[in-house]
Amino acid sequence: MNKNIYYKLINFGLAINLGIYLYSLSKGFNRPFWIDEIHVIGISKDIFDRSLTEVFGEQLLPPLYFYLVGLINYTTDLKSSIYEDHFYYLRIVNILGFIPLIYGFKILKEKFKEINLSFVFLLLLSSNIFFYYSIELKMYFIIFCLSFLIHSIFLVDEEQNKYKLIFFVSSILLTLCHVFGLTIAMSIIMIQSINNFYYKKYKKLYFNFFSGISLIVLFAIMFYYATVDPSNLQGFKWVKFQKWYFRVFLEWT
């Protein structure tokens, strides 16, 4: 197939998918909240009035996303019931996910000059995670975008010279969002560690070790107060029965 025709087909497909996405966004942005989203609003609306001990101890999800939603809630000065429709403004918190997403595209373009970013964006836009979670009040879209960034860094910076600080900060943000984020970051760090050990790059191996331990310790601190309460431990049963580790690798990596 002629290359120009190939590019035109990709751009045409992207335009169609983008149109469908924006139309869906306009129709779905102010739809009623689901129970999980109501849960997020309920925790977030007064989160700045509570101590860290209370925040960490009341649930089994890291609180970063709840603070972000609470900040939007606070700055928009919404006083009504969490069930009222105008809380759709809270959905703008997921716009933050486009920052690492766009930066990931920039990194790929710098390294792979011939890459067709329209095709990459078409693939992302076609995924259920991008399409649905970008208009939901959940942390999964931000996790998806941060995951795209650290995977892009993993592809273009094999020597871990140029982007390792950005990778480390992004991994911390992922860990602060969900156990899925911790698993994604640790899977890449493990591959980097094996590679550096094989090629005897011990200084970089030390950095991998430091990064991995830092993420595990950070996650353990966030979960400490939640696990002190025996009733919260019942929530960990989903780890055994839902096989979340398969879900992480299949959906996010």
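Start with the whole chain: among contacts (heavy atoms within 4.5 Å) between residues at least 6 apart in sequence, 71% join residues at least 24 apart. What you have open is a predicted model, where local features need pLDDT of at least 70, side-chain atom pairs count only at pLDDT 80 or more, and totals for chains, interfaces and linings use all residues. Residues are numbered from 1 along each chain as its sequence is written, and side-chain values use heavy atoms, with hydrogens and water left out.

Switch to cartoon view and you'll get 14 helices and zero strands (DSSP runs numbered from the N terminus: H or I of at least four residues for helices, E of at least two for strands).

Now select helix H6, residues 117–125. Val-120, Phe-121, Leu-122, Leu-124 and Leu-125 are buried here, meaning under 20% relative accessible area with a 1.4 Å probe, protein chains only; exposed is over 50% and partly exposed is in between. Show H1 (3–28), H5 (98–111), H7 (128–133) and H8 (140–156) too: the buried residues of H6 pack against these helices.

Next, pick Phe-98 in H5 and Phe-141 in H8, 43 residues apart. Their ring centres lie 5.4 Å apart with planes at 55 degrees, so this pair is tilted (rings of Phe, Tyr and Trp, its six-membered ring, pair with centres within 6.5 Å; planes under 30 degrees apart are stacked, over 60 edge-to-face, the rest tilted). Phe-98 is partly exposed at 27% relative accessible area, while Phe-141 is buried at 0%. Both belong to a cluster linked by ring pairs, including Tyr-21, Phe-121 and Phe-148.
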